[in-house]
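Subject: Handover of a structure

Dear colleague,

I am passing the structure below on to you. Please look through it before reading the notes that come after it.

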There are 2 protein chains.
Amino acid sequence: MPLEKSRLSQATKKRVRDADATKLRILEAAKKEFSKNGLEGARVDAIALDAKANKRMLYHYFESKDGLFRTVLEREYLKIRAEENLLDLENLPPRTALETLVRFTWEYYIANPEFITLVNSENLCKAAHIKNSATLKTISQKFVRRIQTLLDRGVRENVFRDGIDAAQLNITIASINYYYFTNRFTGSVIFERDFTAPEALEERIYFNIETICRLVCK
Amino acid sequence: MPLEKSRLSQATKKRVRDADATKLRILEAAKKEFSKNGLEGARVDAIALDAKANKRMLYHYFESKDGLFRTVLEREYLKIRAEENLLDLENLPPRTALETLVRFTWEYYIANPEFITLVNSENLCKAAHIKNSATLKTISQKFVRRIQTLLDRGVRENVFRDGIDAAQLNITIASINYYYFTNRFTGSVIFERDFTAPEALEERIYFNIETICRLVCK
DNA sequence: CGCATAACGCACCGTTTAGTTACTTACACA
DNA sequence: TGTGTAAGTAACTAAACGGTGCGTTATGCG
């Protein structure tokens, strides 16, 4: 009978005490709070409250506010790289693959606005949290190599210009999408138009694809 | 004799009490502190100390921390627009004018890295400080109109493509320069190269000019 | 079942924070 | 040269902050 109860509780994950579930709740709450208010602006108490966890647990699992931020940020980097890896760039015509990549970046930022503000926070503190993360370096470089392969294939198939650097292209694709979102609030005020209106978004992604295609294609 | 002394002190600006000079010292110190640590991370005491002013004066002149930030940010926007207006785009061949604009943006960010982090902070708080600034809107729109004029002239002279939106182009020029700088710390870690090394900077500005010219020119 | 361990909670700490009160002092102008 | 006003100062506050000491309780395992 106690065995059965144990099996049931494991299966339904309705344990009163569940370290993994608590950790995850804290991470989700931290992601919200850090992305909304920045690293300095985020409140540890607010994270604990939102996670329905005791503040003590936060320090138990993540050591410090910075430790928690590091974990959140690293997870977000891993997540975007993982989704990028799902892109089937290798089996698409080069031009279509390029367009797919631009569109993916755009849509990822729309769906995950937190990523942008987290990265901004990390740059404000000069990348102090990720400085020593070996995994982040390797996965990012693997992605640049994938783009280089795509560029090479495009050149071979005579649709891409020769001599384009994959890292520079990668930065440019990110920038024209990233900038629009991170500055959407000041942008909307200054240009007196709603940057997040559906028509505005459509106009922008069209313009961005055009920009990249004209840069890369023959 | 007291008249002479007064005249002298006004001329040399060596008054013991000088409201304008104090205000300026506070603004300069605030710009440093806000850009270094963000709005929330900035410390009012640190600003007062660096400005060699009493904290009370800060509240006397700018009302609050947010009031000070608003003033700093508005001044920085006015400054970049003023420098942009010095650009002689009207009397340059269209392609040269375009290249001049891209290069100016790039060099402005190199010379004024504070501008970028201040804008980032403002976007984190959803443009709360500049929301009601009428001057900012008008000067920005005037600039977009200048770019539109340049684009029109380029089309007439048969060197630019037709139908390019000045606002979109303006955003794109800003983005490819801005992103590189704001993310230079995470970028340097992830790509394992120094984003601020002279060779890296040169490579990037070349790539950016290429990107814009390919987008706009025939 | 009994028990070691890990999950969890409460109440608290010392420090730092933005902002203020109450005061003194230099200076422009009459 | 006297004086009202604005510039400037020091010491303070109440609240909020990140972080902890220490006790309690659920749970998985032998």
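This is a predicted model: local features need pLDDT of at least 70, side-chain atom pairs count only at pLDDT 80 or more; totals for chains, interfaces and linings use all residues.

Residues are numbered from 1 along each chain as its sequence is written, chains are lettered from A and ligands numbered from 1 in the order in which they are written, and side-chain values use heavy atoms, with hydrogens and water left out.

DNA strand C

DNA strand C is surrounded by 22 residues, where a residue counts as near a strand if one of its heavy atoms lies within 4 Å of it. The closest are Arg17(A), Arg17(B), Arg43(B), Lys55(B) and Arg56(B). Of the atoms of DNA strand C that come within 4 Å of the protein, 56% belong to sugar and phosphate.

Several polar contacts (pairs of N or O atoms within 3.5 Å) can be named here. Tyr61(A), in turn, has a polar side-chain atom 3.4 Å from a phosphate oxygen of DNA strand C.

Helices here are DSSP runs (H or I, at least four residues), numbered from the N terminus. Helix H2 (19-41) and helix H4 (55-62) of chain A, and helix H4 (55-62) of chain B, each supply at least two residues of the surface near DNA strand C. H4(A) gives the most, with 4 residues. By class, this surface has 8 nonpolar, 5 polar and 9 charged residues; Ala, Val, Leu, Ile, Met, Phe, Trp, Tyr, Cys and Pro count as nonpolar, Asp, Glu, Lys and Arg as charged, and the others, Gly among them, as polar.

DNA strand D

Around DNA strand D there are 22 residues, the closest being Arg17(A), Arg43(A), Lys55(A), Arg56(A) and Arg17(B). Sugar and phosphate make up 53% of the atoms of DNA strand D that come within 4 Å of the protein.

The side chain of Thr22(B) has an N or O atom 3.1 Å from a phosphate oxygen of DNA strand D, and Tyr61(B) has a polar side-chain atom 3.5 Å from a phosphate oxygen. Asn54(B) has a side-chain N or O atom 3.4 Å from a base nitrogen of DNA strand D.

H4(B) provides the largest share of the surface near DNA strand D, 4 residues.

Yours sincerely

Definitions and conventions: A polar contact is a pair of N or O atoms within 3.5 Å; within protein, one must be able to donate a hydrogen and the other to accept it, and residues adjacent in sequence count only if both atoms are side-chain atoms.
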